[in-house]
Amino acid sequence: MGLQQIIFLLLIGISGYFGFKRYGAIKRNIFLGQDEDISDNAGQRWKNVLLVALGQKKMFKRIIPAVLHFFIYAAFLMTQIELIEIILDGLTGKHRIFASSLGGFYTFLISFIEILSILAFVATIIFLWRRNMLKLPRFHKPEMNGWPKLDGNLILYGEILLLIGIFTMNGTDTLLQQLDPAHYPSTGNLAVSSWLGPALFGGLGESSLHILERAGWWLHLIVILGFIYYLPISKHLHIFLAFPNVYFAKLKSRGEMENMPVIMNEVKSMMGLIPEIPVDPNEELPEFGSKDIFDLSWKNILDAYTCTECGRCTSMCPANLTGKKLSPRKIMMDIRDRAEEVGKTLDADKTKTKENYDDGKNLFDYISKEELHACTTCNACVEACPVMIDPLEPILKLRRYEILTESAGPAEWVPMFTAIENGGAVWQVPDARDKWAQEFNQNQDAE
Amino acid sequence: MKVRTVAELTAEGKSPDILFWVGCAGSFDARAQKVTVALCKILNEAKLNYAILGNEESCTGDPARRAGNEFVFQMTAIQNIEVLNGYNIKKIVTACPHCFNTIKNEYPALGGNYEVIHHTQLIQSLIEEGKLTIESGDFKGKKITYHDSCYLGRVNDVYEAPRKVLENLDANLSEMKRCKSKGLCCGAGGAQMFKEDEPGDKRINMDRAEEIVDTGAEIVAANCPFCITMLADGMKAKEANVMVYDISELIVQSNKL
């Protein structure tokens, strides 16, 4: 076994172990939320995965970023084929293990990846320019200061490194095939490297080419392995989570807020419609709504981990557009940050569990009442999200906590509640509800 | 034809084919009452066998539920469902997208199952069935823009019926950039109607009013009593000469009902 193989195995082993732990922690954090059975209607759900996740249907509402994003997405997906070869080569110590067996199809495959990679390179440069030079408001909201801004750029730099790796590896390879055909099996005429290779590396000696080829190969591998470490702390989990998130997205009408059967049954029993529910005087008053991630559904937390902070929701939010503090993207980022905080505490202190967790904090330390109160429930954020995240549901769950459990909330709402409760109308009015009809009928008589 | 209550019809051993759910705004708000009357005139014109609940109707509970007050929502909703089921109501029309949404999408989980349509959908089907003919004279060639309410449009995907009704007026329908699924909220939903705005740069209805004025339209057609209040406030503050009408009012004006 050669030295390269040993280093390779070590790297894969360490990354695999770390990845397993890190992604396991994310899964654990997601399931800190309440159980919610989402197993109905598999047909429609798979259709959504096909159209919205794989087909990126909702991205294409904004055509230019959609096309650019598609280049990067397609290149990323296809490059995984090359990665399989890299891993097999690394394990066996061979070189381009698929080249001789696949023949012409190999040439087609790698050429296809190369063309996509060039398109992805162009897209990456445009995205870097757009993110940093073009002052697109959604990339410069307060919640994007600090790490989120750096995070958005880091992945693009990583993308460029990856492409440098690919073209160094392939470019030098095309030259080495002529110099040392015994060790470098023919790849056929690759679409980009067949001219880019000689243009960049022509005139270099065989040993330099050999070193560069290895450098490109290792760079490609290390950047991909680096992504395993980087993704869990970045906003880029969407490349995996978009698929389950779209699958588990709400299918029932947007207009239906989740019913609260406990309250419904209590009201029904108060009205004598169902038998009285016996009250245990020793029982603590139940808490309604959500004050922390534990009271949200696991799907709400999956939403938060899926969010890639693109800000389409915030750019469509009427409250945010008119300068209010509410930003639906920030709500999702806050839920994820809180889930991460809880997860870290659970990792550090093994006596703490989901059931007995208390660190004196909750979601309201992240999300202010002012933000919650600014929402018009217009669903623009829900409509805007390309990966079917629902920022509205947690907002309404937090409102429920504030009103039902804390008996707080905007004072101006109290007269509305009282009017409905006592008079059956949103306003306290002395008139009969059908006064307009009496007048209408009198006018009819007069005619 | 007079407006009858379901109780009156029941006393005579009759029942309505369709219930007109008036809503709080339609019952009490002076501006929205005009829409209520307009719709009654249209229902009369089409000779529909309809009735209202009158004093047996209560708020659907939409603003309470969206504010977070599930108790108040359940109390008023369950009471309404008792009344509706008691009269064996099958079909409901309403001029309020919030009532429309709540009865259609939220009452089933509480035991209330009805066929619910918005008045713009009813008017559209009356035209299609030939029960209502629109005389286009008054609005011919006039520039009209249409404001999608969130709860009819984005929430319930009703974009075409109101537009088809407007097409019958032979007006020049000029769309705003933010229309249909991208329509901008008027600022009233989610119980915002009942409180002051949170601190910000401007009111949402001002933003929408500016967009409406920019279309150069003389009239903005709406489908929601709360949108009408918000947009009219916006126009007043902008001192803009754009009239805000519900679609039913345009029909009544056009046909001189």
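A:Pro394 has its place in helix H17 of chain A, where helices (H or I, at least four residues) and strands (E, at least two) are DSSP runs, numbered from the N terminus. This is a predicted model, in which local features need pLDDT of at least 70 and side-chain atom pairs count only at pLDDT 80 or more, while totals for chains, interfaces and linings use all residues. Residues are numbered from 1 along each chain as its sequence is written, and chains are lettered from A and ligands numbered from 1 in the order in which they are written.

A:Pro394 is buried because 26 other C-beta atoms lie within 10 Å; a residue counts as buried if 20 or more other C-beta atoms lie within 10 Å of its own, as exposed if 12 or fewer do, and as partly exposed in between, with C-beta atoms placed from the backbone. Leaving aside neighbours within four places in sequence, A:Pro394 is in contact with A:Ser290, A:Leu296, A:Asn300, A:Ile331 and A:Ile335, a contact being two residues whose C-beta atoms, placed from the backbone, lie within 7 Å. The C-alpha atoms of A:Pro394 and A:Ile301 are separated by 9.5 Å, although the two residues are 93 residues apart along the chain.

The helix that holds A:Pro394, H17(A), also gives the largest share, six residues, of the side of chain A that touches chain B. The contact between the chains takes 58 residues from chain A and 59 residues from chain B. By class, the side of chain A that touches chain B has 29 nonpolar, 14 polar and 15 charged residues, where Ala, Val, Leu, Ile, Met, Phe, Trp, Tyr, Cys and Pro count as nonpolar, Asp, Glu, Lys and Arg as charged, and the others, Gly among them, as polar.

Within chain A, the domain assignment, which is automatic or from a database, gives domain 1 (3-30 + 62-247) and domain 2 (287-413). The centres of these two domains of chain A, taken over C-alpha atoms, are 35 Å apart, and their contact takes 20 residues from domain 1 and 23 residues from domain 2. On the side of domain 1 of chain A that touches domain 2 of chain A, H9(A) gives the most, with six residues.

Turning to chain B, its secondary structure comes to 11 helices and eight strands. Four of the strands form an open sheet with parallel pairing, in the order S6-S5-S7-S8, two strands being paired if DSSP finds at least two bridges between them. The edge strands, each pairing on one side only, are S6 (172-173) and S8 (243-246) of chain B. Strand S5 (residues 143-146) and strand S7 (residues 219-222) of chain B run parallel and are joined by three bridges, and B:Thr145 stands opposite B:Val220 in S7(B).

Which residues touch the most other members of the largest nonpolar core? Of its 153 residues, they are B:Ala221 and B:Leu231, a nonpolar core being a set of buried Ala, Val, Leu, Ile, Met, Phe, Trp, Tyr and Cys residues joined through C-beta atoms within 7 Å. Apart from this core lies another, of 21 residues, among them A:Phe71, A:Phe121, A:Leu162 and A:Leu221. In soluble globular proteins, nonpolar side chains tend to be buried together. In chain B, buried residues make up 58% of the 257 residues.
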